[in-house]
Amino acid sequence: MNALPGAIPARLAEVDAAGWRATGAAVRARGGRLLSLWAADRRDLGEGHVAFAAFAGAEGLLLLRLPLANRDAPSAPDLSDLFLPAVRLQRACTDLSGVAFEGARDPRPWLRHGAWPAGVHPLRRDFVARQSFAPVPDDYPFVSVAGEGVHEIPVGPVHAGIIEPGHFRFSVLGERVLRLEERLGYKHKGIEKRCESLAAAEA
């Protein structure tokens, strides 16, 4: 484990798959939080794909680095049973970088919205940023709630107001909301990919 320079105490540790899970569990047991989770395609540097997770705890920040073995179908252990916010972060990693999370509770797409074909991952190094795709039908598998008197009310993604576009599925029984399922990310602009071709000051 290496100390990182900065005003806040921070450490970097490289782990294997077992260490990824064990460290996440230890952080949770000590009351720590998951700050972020992402993946990087570092094949051009001879490193393959790498998953990262950032945690906050009483001792400061901890950054985990997990090299992924399979260069063509990289995967990492799921952390969503330890930290619920990992669900959407992992789904975004899968959409953008093609990194799957073994045993994930929700493997559905998060950011793709039919804007690019399944199997295409914009944050991979070999993705050509200037290419375009015809819209693809997006049959998103919303979770259904069934039962006598249950109604499903869809709202958005285009709706009145100034908030980000989002699609919301309300499953209701009278005035009671049984389930609300939201789908966001319609305004994803590909800024990460754009920044690959910019100098730091321009980005």
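Residues were classed by relative accessible area as buried (under 20%), exposed (over 50%) or partly exposed (in between), with a 1.4 Å probe and protein chains only. The model is predicted, so local features need pLDDT of at least 70 and side-chain atom pairs count only at pLDDT 80 or more, while totals for chains, interfaces and linings use all residues. Residues are numbered from 1 along each chain as its sequence is written, and side-chain values use heavy atoms, with hydrogens and water left out.

The structure holds zero disulfides, a disulfide being a pair of cysteine sulfur atoms within 2.5 Å. For Cys93, the closest cysteine sulfur is that of Cys195, at 17 Å, which is too far for a bond. Cys93 is buried, at 5% relative accessibility, whereas Cys195 is partly exposed, at 30%.

Arg183 lies in strand S10 (residues 176–183); strands are DSSP runs (E, at least two residues), numbered from the N terminus. With 3% relative accessibility, Arg183 is buried. Leaving aside residues up to four places away in sequence, Arg183 is in contact with Pro109, Trp110, His113, Asp138, Tyr140, Phe142, Gly166 and His167 (contact: heavy atoms within 4.5 Å).

Ile8 is located in the loop between strand S1 (2–4) and strand S2 (10–14) and is exposed, at 51% relative accessibility. Together with Leu35 and Leu61, Ile8 makes a nonpolar surface patch of about 240 Å². Patch residues have over 30% relative accessible area and no salt bridge, and nonpolar side chains (Val, Leu, Ile, Met, Phe, Trp, Tyr) are joined within 5 Å. A salt bridge is a side-chain nitrogen of Lys or Arg within 4 Å of a carboxyl oxygen of Asp or Glu. Accessible areas come from the Shrake-Rupley method with a 1.4 Å probe.

Note on methods:
Patches are made of residues with over 30% relative accessible area and no salt bridge: like charges are joined within 9 Å, nonpolar side chains (Val, Leu, Ile, Met, Phe, Trp, Tyr) within 5 Å. Helices (H or I, at least four residues) and strands (E, at least two) are DSSP runs, numbered from the N terminus.
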